[in-house]
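The chain is shown first, and the notes follow by topic.

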Amino acid sequence: MRKMFTLLAASLLVVSTACSSGSSTAPGGSGAAPSGDQPVTITIVDKDLQPDDKLLKGIEEGMKAEGKNVKLQLVPVQSGTYSEKLGLLLQSGNIPDLIYFQGGDYQFAVTQNILEDLTPYIEKSTHVKASMNPYNQERTKNYPYLVWLSPTSSSVPVVRQDWFDKTASGKELLVNPTVDNYYNFFKELKEKNGAKFAYTTAGTLDELDAMFGQAFGLTSTWLKGEDGKYVFGKTTSFEKDKLEFYAKLYKDGLLDPEFLTKKWDTKEKAFYDGQAAIIAGTQGKVIDIYNTKSTSQNGAAAKVMPLPPAKGKGQGYIPVDVSKESRGFAIAKTAKNKEMAFAVLEYLASPKGQLLDKLGIEGEQYTVVDNKIKLTAKSAEWYPRFVESTVNFKPEFDPSTPYLSEPAAKSLEMMSKLSKKDNSFIIPAELAAKWDACNALYKEFAANVVTGKKTIADFDQFVQAWNAAGGKEITDYANQTIK
């Protein structure tokens, strides 16, 4: 979600200096401000915030009205790859109280042990706990250093409704979404609507896997073999069959021939411009964006329609990794007032905090008329930075300006019904480099097969190379770890 809005927030470089003050409190403490009118200063680093952000002022004012006098002070991080620059900041000893991670957290949570275990804070919370979906709960249980109140970053494929309605195969597809029926649907979408190709993705096959992976038997990252031992799914015959099908899509002109070089913005442009019939996007708000842009450019009939995953050996979108949150907020062990730092997250998960974080400023991004929220034209400029989850977010909206469009709400519903937990796990530091090498080897091989540079006859050779690159050791570790 944050990646989607990088271009919308062009000046995200924070410029204030880091400091922290206030009395130390442990979980269960009062978290009250020091005596007098002096606020508790909580330092925070987050690439999507800037010093004059109205969200920060709104948080301070909202918390003060509830008796918590807090001052949020942004810590600057250099421009560049956020996880790398954040790592340099923390290595320098400048450790903010609240830290937004987008990768790189494992080093500081486990190896350097500078991140607070959030379990006792979450257990005593009211609003954070209530805003967590089952996957959030499982991840926090497995890795208690990050909290990220958001739907899973899982992709749901969508097609233009007007294009779907022109096909004869569409109705049959919804009743019986087999791989063969999807192939026929792809062909008809292209023929009937003048699309250059049926499906486009941004650089990898992951978004195509959202539709087809489980149908080919890839129901989890690690699959049990005939001997009862786990094997990596992408080294099995299921993956072999899947890649052979993808190669057919590519050869028949149904998969974007430039999918390897597409970025998220050029992928979306191909969809809005009518070159691609189907793209996949993160459930919820991202699908909402797709719907808004598609209808704005192509008319009301071009609203997007979420599609079900293909049905075969299994059915479902990509299995959901619950080993840990891939991003989120952490509290530093060095924070002088950890309770107040968590109180910021607790406020943002409260009904008032969510209104602020999700909708913006009353009178600017929304108004309240007859006790119903009506979004303004400026609402498109605002997006949630802390709480994307819609769990227990139930304010009443004017029907003309719903928080989520019908397709976006449908994507959340479909993901909830057609998703399952994965059995992936956190790769230990001593195997991380080999895991990266194995993944790179797979991606190169898969891309070469799909684009015709290699054939499926080379699959056994790939498996041998994968095992030699460290896959055998990782597989041994998987069989010791997965219960």
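In this predicted model, threonine 43 has glutamine 73 in E2 as its bridge partner. Strand E1 (residues 40-45) and E2 run parallel and are joined by 5 bridges.

**Sheet**
- The sheet is open, with 4 strands in the order E2-E1-E3-E10 and mixed pairing.
- Strand E2 (70-74) and strand E10 (328-331) each have a single partner strand, so they stand at the edges and one side of each lacks a neighbour in the sheet.
- From one strand to the next, the twist averages 25°.

**Helices across the sheet**
- Helix H2 (residues 82-91) lies across E1 and strand E3 (98-101), and its direction is at about 150° to E3.
- H14 lies across E1, E2, E3 and E10, and runs at about 160° to E10.

**Helix H1 with helix H14**
- Helix H1 (residues 54-65) packs on helix H14 (residues 338-349) at an angle of about 95°, the axes being 11 Å apart.
- H1 is therefore roughly perpendicular to H14.
- H1 contributes Gly58, Ile59, Gly62 and Met63 to the contact, and H14 contributes Met340, Ala343, Val344, Tyr347 and Leu348.
- Sorted by class, this contact of H1 with H14 has 7 nonpolar and 2 polar residues, with no charged residues.

**Helix H11 with helix H17**
- Helix H11 (residues 237-251) and helix H17 (residues 429-450) cross at roughly 45°, and their axes come within 8 Å.
- On H11 the contact residues are Glu239, Lys242, Leu243, Tyr246, Ala247 and Tyr250; on H17 they are Tyr442, Phe445, Ala446, Val449 and Val450.
- The contact of H11 with H17 has 9 nonpolar, no polar and 2 charged residues.

**Threonine 451**
- Threonine 451 is in the loop between H17 and helix H18 (459-481).
- A polar atom of the threonine 451 side chain lies 2.7 Å from the backbone oxygen of alanine 447.
- Not counting residues up to four places away in sequence, threonine 451 touches Tyr250, Phe259 and Leu260.

**Lysine 267**
- Lysine 267 belongs to helix H12 (residues 264-272).
- Its relative accessible area is 3%, so lysine 267 is buried.
- The lysine 267 side chain reaches the backbone oxygen of alanine 280 at 2.9 Å.
- Neighbours within four places in sequence aside, the contacts of lysine 267 include Thr200, Thr201, Ala202, Glu207 and Tyr290.

How values were computed
Residues numbered from 1 in each chain as written. Predicted model: local features only at pLDDT ≥ 70, side-chain atom pairs only at ≥ 80, totals over all residues. Heavy atoms only, no water. Axes fitted to C-alpha atoms, helices over the stretch in contact; angles between N-to-C directions. Helix = DSSP H or I, 4+ residues; strand = E, 2+ residues; numbered from the N terminus. Parallel < 35°, antiparallel > 145°, perpendicular 65-115°, else oblique. Contact = heavy atoms within 4.5 Å. Nonpolar A, V, L, I, M, F, W, Y, C, P; charged D, E, K, R; others polar. Buried < 20%, exposed > 50% of the residue type's maximum accessible area, 1.4 Å probe, protein only. Polar contact = N/O pair within 3.5 Å; in protein donor to acceptor, adjacent residues only side chain to side chain. Pairing = 2+ DSSP bridges.
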